[in-house]
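Hi,

Here is the structure for you to look over. My notes on it follow below.

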Amino acid sequence: MIRKEKEIKVIYTLVLAIFAVFLAVPVLRLLTESFVGESGISIANYVEVVAGKGFLTALGNSVKVSLASALCSTVLAFLLAYTVQYTNLHKNFKKVIRTLAVLPMLLPTITYGFAIIYSFGKQGLLTRLLGGQPFEIYGFWGLMFGYVIYTLPISFMLILNTMGFIDKKFMVVSRVMGDHAFRTFWQTIIRPLAGTLAASLVQCFFLCFTDYGIPASVGGQYDVVATVLYNEMLGSVPNFQRGAVVAMMMLVPSILSIALLKFLERYNVRYNKISEIEFKKNYVRDGACAVASTLIILTVLAIFAVIFVVPFVEEWPYKTNFTLEHLMDVLNDQSLFGVYKNSIFVAVCTAFLGLFVTYGAALATARSKMGEKFKAVIDGIALVTNTIPGMVIGIAFMFIFSGTPLQNTFLLIIVCNVVHFFSTPYLMMKNSLSKLNNSWETTASLMGDTWIKTIVRIVTPNMFSTILEVFSYYFINAMVTVSAVIFIAGARTMVITTKIKELQYYTKFNEVFVLSLFILATNLAVKGVLGIMDYKRNGKKEK
Amino acid sequence: MLELKHVKKSYDNVTILNDINLKIEDGEIVSILGPSGCGKTTLLNLILGLTQVDEGEIIFGGEDITNVPMEKRGFNIVFQDYALFPNLNVYKNITYGLRNRPDISTKQEVEDMIDLLGLREHLNKKIEQLSGGQKQRVALARTMVMKPKILLLDEPLSALDGVIKESIKEKIKEIARDFHLTTIIVTHDPEEALTLSDKVMIVNHGTISQYGAPEEIITAPQNNFVKEFILNQLQIKRNNIFALFHQDFTKEAQAV
């Protein structure tokens, strides 16, 4: 090539350096740590952990509850997505479903658990309304409930997205060919979705398996791998080597599920063209979908209702008069409000740094002439970050950065978030960049542009929507994540989610809910502002 | 004059172009014609400087430019998909290069180019509001403002409808004549190539099958490929059109 692309090579090297220092080295260290014992390098730690009493039970519990939740989530998400994509219901109704279904993503999972406790506990809001506890919240059912709420939005978006890319004209073809209604449904909706439904199962399973927030609150005596891992590392009798083993074991299902996802990609059906059709009038279908969707959404909302109720009454459940006292307490408590400011700072920095890292990485893979092998390295990194649970990254960071100047710094948390959530925003960037016209750089360079100038003047303005999306993805995830930061946040660098975990010890639930409301309000505000920015710039374009 | 001497190019040991020799005089319109996969786009990229030659030389105006990078050669290209910048309006697209090299065209020259290509009424429009033919003219104007020493056009007509096609053809001819500009066009359509250019270079399997004026190609095809694929296609078209008009004539005659 005559064009040397010096700039892109520098960016590429920087990106690789970040992931070498903040991903490869820590994880390798974790791996070696898991083999180190009193008698040198051996698999003794593994034997000890597996033979130990609790681990296999916890593993079994994890698999069981994650599977059940994944299945439940996917079915419910399909119902919601079907309602949006395949019924003649009013478009405002559909809009409401789309908005409310993804609302839980704006809250940390650790809050879900407390919300469930306050809804379905012995004195819970919903228990009182229903006149009795519908299920035992500590243990399997509580976990499953939390996991379903947690994964429902993700599964919903996944299925909704694929449904949008199904050519609906095939329904007409199927019908004129004389297919029975069920056969049409099977051939034109379920079959093209099969890959995505399976992917949703795998993705939900992975998320449930590796989440720490929900078991931290409603796990009770029902141990799962995440709680075992936490106790080994930060519990009353910490054992780092055993913790490293558990972390490595947690990686196994993660790697398996990602391998499965890759494999499932080939079952994705691609249509050349997507056409819309008028759906057959069917009041039974529409009515049933409307009722089912409303029920699902209402259930989710009902659980979160306590977040709005509990902190605004004097003493739940005994003195239920309205008060702003708890809110004012938090605002006036420097240690609590300071934590909120920390969270905002971390989220903003994560969003900006994440933006630069993903943009740089995606420019290298989507818009440079570098060799395929070099590009495959970055794609590989994306795959790896998608595979590694937050807890594992957190523990790996704990091993490698303890005692260094980076310990207990915001920088460490920020970089940790950037690495942990790299996969999705990177793919968003890469996808958008590769859709842009291939000849822009050549054309602009013939007009006398340097590469940097073209990126600033031409490529970046055309990436505006995606840049906002990536910013919002990083910001929101940085606000709600707990799994990795719990191991690396120090007293000075406490963020809201880790503070919530701490408040749990002192059973200060009013504060927990007030802080959760702060997170929710902040995320909503950020989404709103970014939405307005996008709208102003791009007008009323449909996405 | 542009001259290519023994130019060779291969990718991953597959030879795309082999021993290409050719001379293009200043101010000529030359079409590179051939089926898809024959190497014609690679040839265009070699001349542009986007792709490096493996062997051979490229000489322009007596100077060896084989190793001169693309942006220093002073040639310019209009891509098949135009590569217009959607975040800028028509006028800003046209004057994009002037931000980097303000002295290359005067204000008057830019205005003249806008009028020549009939873009005056579209200057404030967004790119997405333009039709295919309008986009092509904007891309042409943007390139012409840079005063290229050679104008390269990659399939300039293939995305356009019938009548628009003819009008863009005329514009290309007009520009080449008015500016005495060497213009090299890549196309897969024999009719386009033979009606638009002073000389046609037919490429097949990475070599030049025949290079000559349109009449030479019609009257003296040098090999079977030219006869079978180029002339035959045109004859079928001619016969169809004759048949069509003959029918009309007889009907009219009967009516009278």
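Predicted model: local features only at pLDDT ≥ 70, side-chain atom pairs only at ≥ 80, totals over all residues.

On α22(A), the contact residues are A:Phe464, A:Ser465, A:Leu468, A:Phe471, A:Ser472, A:Phe475, A:Ile476, A:Met479 and A:Val480. They meet a set on α25(A) that includes A:Ile519, A:Thr522, A:Val526, A:Lys527, A:Leu530, A:Met533 and A:Arg537. By type, the residues of this contact divide into 11 nonpolar, 5 polar and 3 charged.

Now the geometry. Helix α22 of chain A covers residues 464-480, and helix α25 of chain A covers residues 509-538. Their axes are 10 Å apart, and the packing angle is about 180 degrees. An angle over 145 degrees counts as roughly antiparallel, so α22(A) and α25(A) are roughly antiparallel to each other.

Next, the interface between the chains. Here 29 residues of chain B are in contact with 20 residues of chain A. The two chains bury about 2200 Å² between them. Carbon and sulfur atoms account for 59% of that area. In chain B, the residues that lose the most area to chain A are B:Asn87, B:Tyr96 and B:Asn100. Together they make up 24% of what that side buries.

What holds charges or polar groups together across this interface? The count of salt bridges between chain B and chain A is 0. The count of residue pairs in polar contact is 9, with both residues at pLDDT 80 or more.

Which elements of chain B supply at least two residues each to the side that touches chain A? They are α2 (70-73), β6 (76-78), α4 (96-100) and α6 (132-145). The largest share, 4 residues, comes from α4(B). That side of chain B divides into 15 nonpolar, 8 polar and 6 charged residues.

Best wishes

Key: Residues numbered from 1 in each chain as written. Chains lettered and ligands numbered in written order. Heavy atoms only, no water. Axes fitted to C-alpha atoms, helices over the stretch in contact; angles between N-to-C directions. Parallel < 35°, antiparallel > 145°, perpendicular 65-115°, else oblique. Contact = heavy atoms within 4.5 Å. Nonpolar A, V, L, I, M, F, W, Y, C, P; charged D, E, K, R; others polar. Buried area = accessible area lost by both parts, 1.4 Å probe. Salt bridge = Lys/Arg side-chain N within 4 Å of Asp/Glu carboxyl O. Polar contact = N/O pair within 3.5 Å; in protein donor to acceptor, adjacent residues only side chain to side chain.
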